[in-house]
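Please read these notes with the sequence and the model side by side.

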Amino acid sequence: MDNFLVQENVMVANVDLCWENHTEFSDRCRDLLGSGEDEIVLDLSSVQFIFSAYMGTIGRLISEAAQSKKKLTIRISDHIFW
């Protein structure tokens, strides 16, 4: 299973967001933005840990989605929500 699977307008993270996967995550965020869909989803519902560098990448995703007039939904686990 891919660490970060992009299907149509949804990217699903299948691993915790640790440093060693950051480049791949960034690449898949670009793929998600380029999906051509008006509504995109970042699904982090299986993630239990987010390394701090990802927060900047997620912030950039939010900003670029807004600039592109895309609606971005971010799904998170209860653990991360806490």
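In which helix is S26 found?

1. The model is a predicted one. S26 lies in helix α1, which covers residues 22–33. With a relative accessible area of 10%, S26 is buried.

2. Some partners of S26 come from elsewhere in the chain. Setting aside neighbours within four places in sequence, S26 makes contact with T57 and R60. The C-alpha atom of S26 is also 9.0 Å from that of L61, although 35 residues separate the two along the chain.

3. Next, the cysteines. The search of the whole structure gives zero disulfides. For C18, the closest cysteine sulfur is that of C29, and the distance of 15 Å is too far for a bond, because a disulfide needs the two sulfur atoms within 2.5 Å. C29 is likewise in no disulfide, its nearest cysteine sulfur being that of C18.

4. C18 has 23% relative accessibility and counts as partly exposed. C29, at 5%, counts as buried.

5. E8 sits in the loop that runs between β1 (4–7) and β2 (10–13). With a relative accessible area of 67%, E8 is exposed.

6. K69 also deserves a check of its backbone angle. Phi of K69 is near 65 degrees, a positive value in a residue that is not glycine. The loop between α2 (53–67) and β4 (71–76) holds K69, and K69 is exposed at 71% relative accessible area.

Definitions and conventions. Residues are numbered from 1 along each chain as its sequence is written. This is a predicted model: local features need pLDDT of at least 70, side-chain atom pairs count only at pLDDT 80 or more; totals for chains, interfaces and linings use all residues. Side-chain values use heavy atoms; hydrogens and water are left out. Buried means under 20% relative accessible area, exposed over 50%, partly exposed in between (1.4 Å probe, protein chains only). Helices (H or I, at least four residues) and strands (E, at least two) are DSSP runs, numbered from the N terminus. Contact means heavy atoms within 4.5 Å.
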